[in-house]
Amino acid sequence: MKTLIKNGRIVTAVDDYTADIFIDGEIVMTIGRSLDIAADTVIDATGKLVIPGGIDPHTHMELPFGGTESSDDFETGTRAAAYGGTTTIIDFAVQTKGESMIAGVDKWHAKAEGKTAIDYGFHLITTDFEDKHTEEMYTLMDEGITSFKLFMAYPGVFLADDATIFRAMSAAGERGGLICMHAENGIVIDEIIKRALADGRTAPKYHALTRPTIAEAEGVHRAIAIAEMAESPVYIVHLSCNDALNQVREARDRGIPAFAETCPQYLFLSIDDYGDDFEGAKYVMTPPLREKHNHSELWKGLKMDDLQVVSTDHCPFCMKEQKELGKNSFAEIPNGAPGVENRMSLIYNGGVHENRISLNRFVEITSTAAAKMFGLFPRKGTIAVGSDADIVIFDPNRSQTLSVETHHMNVDYNAYEGKIVQGVVETVLSRGKVVVKDEEYVGEKGDGRFLKRGECVGV
Ligand code: URP
Ligand code: ZN
Ligand code: ZN
């Protein structure tokens, strides 16, 4: 299959020019002006942006959590991602306590194999890591799983103590692996939660009020300090607030390889969204939504490269029957919110359209940086000769309204209901195949492939 994309404005993390792209099979073969090459499909991209497919390095499809399972599986979740202009996800496989690391990854292969609309990789949530696990970690790295998430939160479920974190960081750092850290002081938070529940403070808003920003900042500080001692890089996931960002800033100013992502929910939503009633359960995610003043600091962090990536932490649970598990107590509400479909449009709108970041930086934080960070560049994350033809044709002149009525995620609410965003994902190619055409999905279940990732090199 040969495809020619004509006259688009090609924007990468560093380029911005008008040209044609000739795709042979899965790969970009030629980029040039007025290409005269025979193709099976010709797409006119005049007046449109032609950008690398988005990479969302933080999703949870079919995650067993909080007494239920996240409501998107690999079929529905990756299809929704494609609709939104994301052509690669990196999902979190889970090693449950006592289980081998390899068994955790095998479970995730079984969930995803033959089901996805777009390419996918895995990190591994690592709950046990003794020195004896080092060989297993290296086996997984040889198989393309080169990043591992550890938690300082959720005692009894995921929490890893400092010794475990140190061991895992030392081992990963030795071989070009990366530890992704959920950085919050979960031990102290659990004590604060106990007090709230004892006082009868059970509504969803108390999820936020029992997880202070200082608990996140302390986690980030400790994660970076342990990484420094282990002589390893560290990547802070879902960073939500300025207190935590200051810890990353301080480390980066000292030349420490500390990296971090934030997510759209921390840039657009706030603690005010919880309200006083159970509707606030829609926003029960961890870390929680913060005070509005954090938004401008996080945007500044993205602009100045103290934050490198915008992921979604897509972890949807329906209000009906899932979030409802916590009707009587916020502590029983499954943690997580949907977002994989809306990331590119939200960040284009809030970033480029509202003049907070450049178009090149938009591409960098939604695609290129994640590819570099997680061992996928230059195969993914750019438009260049020899790269996978993961390409989005984006119309910056149209707008859309985000809504549960029109989204494709398998969840009964949209966290941004009614928000109007400038820019529409019109056409999406995944390794040269058109999977979204004129805003309609035309791909097939199983189009996506598992990505063996290389060393995590940072950005
Ligand atoms: O609330 C969240 N973030 N749920 C997903 C699990 C995690 O901590 O990333
Ligand atoms: Zn987390
Ligand atoms: Zn997550």
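Visitor: Where is the place of Asp 447?

Guide: In this predicted model, Asp 447 sits in the segment after strand 19 (440-441).

Visitor: What makes Asp 447 buried or exposed?

Guide: The relative accessible area of Asp 447 is 18%. Buried means under 20%, so Asp 447 counts as buried.

Visitor: How do you know that the side chain of Asp 447 makes a polar contact with the side chain of Lys 433?

Guide: The distance between the two side chains is 3.0 Å, and the cut-off for a pair of N or O atoms is 3.5 Å. A polar atom of the Asp 447 side chain also lies 2.7 Å from the backbone nitrogen of Glu 444. Leaving out residues up to four places away in sequence, Asp 447 touches Thr 116, Ala 117, Asp 119, Arg 431, Lys 433, Val 435 and Tyr 441.

Visitor: What separates the zinc ion (ligand 2) from the zinc ion (ligand 3)?

Guide: A distance of 4.0 Å separates the zinc ion (ligand 2) from the zinc ion (ligand 3).

Visitor: Which residues around ligand 1 come nearest?

Guide: Of the 14 residues around ligand 1, the nearest are Lys 149, His 182, Thr 286, Asp 313 and Asn 335. An N or O atom in the side chain of Lys 149 is 2.9 Å from an oxygen atom of ligand 1. For a polar side-chain atom of His 60, the distance to an oxygen atom of ligand 1 is 3.2 Å. Gly 336 has a backbone N or O atom 3.3 Å from an oxygen atom of ligand 1. Ligand 1 taken alone exposes 270 Å², and the protein buries 99% of that.

Visitor: What makes the set of 119 residues a nonpolar core?

Guide: A nonpolar core is a set of buried nonpolar residues joined through side-chain atoms within 4.5 Å. The largest such core has 119 residues, and those with the most contacts inside it are Met 137, Phe 148, Met 181, Ile 236 and Phe 362. Helix 7 (residues 213-230) gives the most to this core, with seven residues. Beyond its neighbours within four places in sequence, Ile 236 has contacts including Met 181, Val 220, Val 248 and Phe 259. A second, separate core of 16 residues includes Ala 371, Leu 376, Leu 451 and Cys 456.

Visitor: How do you know that helix 11 (residues 343-353) is mostly covered?

Guide: Ten of its eleven residues are buried, among them Arg 343, Asn 349 and Val 352. Helix 11 is followed by Asn 355, which has a positive phi near 65°.

Visitor: Which values of phi are positive in Ser 34 and Glu 62?

Guide: Most residues other than glycine have a negative phi. Ser 34 has a phi of about 45°, and Glu 62 has one near 50°. Ser 34 is in the loop between strand 3 (27-32) and strand 4 (41-44), while Glu 62 is in the loop between strand 6 (54-59) and strand 7 (64-65).

Visitor: What makes Ser 34 exposed and Glu 62 buried?

Guide: Exposed means over 50% relative accessible area, and buried under 20%. With 63%, Ser 34 is therefore exposed; with 12%, Glu 62 is therefore buried.

Note on methods: Residues numbered from 1 in each chain as written. Chains lettered and ligands numbered in written order. Predicted model: local features only at pLDDT ≥ 70, side-chain atom pairs only at ≥ 80, totals over all residues. Heavy atoms only, no water. Donors = N, O, S within 2.8 Å, 3.2 Å for Na, K, Ca; no water. Buried < 20%, exposed > 50% of the residue type's maximum accessible area, 1.4 Å probe, protein only. Helix = DSSP H or I, 4+ residues; strand = E, 2+ residues; numbered from the N terminus. Contact = heavy atoms within 4.5 Å. Near = heavy atom within 4 Å. Polar contact = N/O pair within 3.5 Å; in protein donor to acceptor, adjacent residues only side chain to side chain. Areas by Shrake-Rupley, 256 points an atom, 1.4 Å probe, with all protein chains shown as cover.
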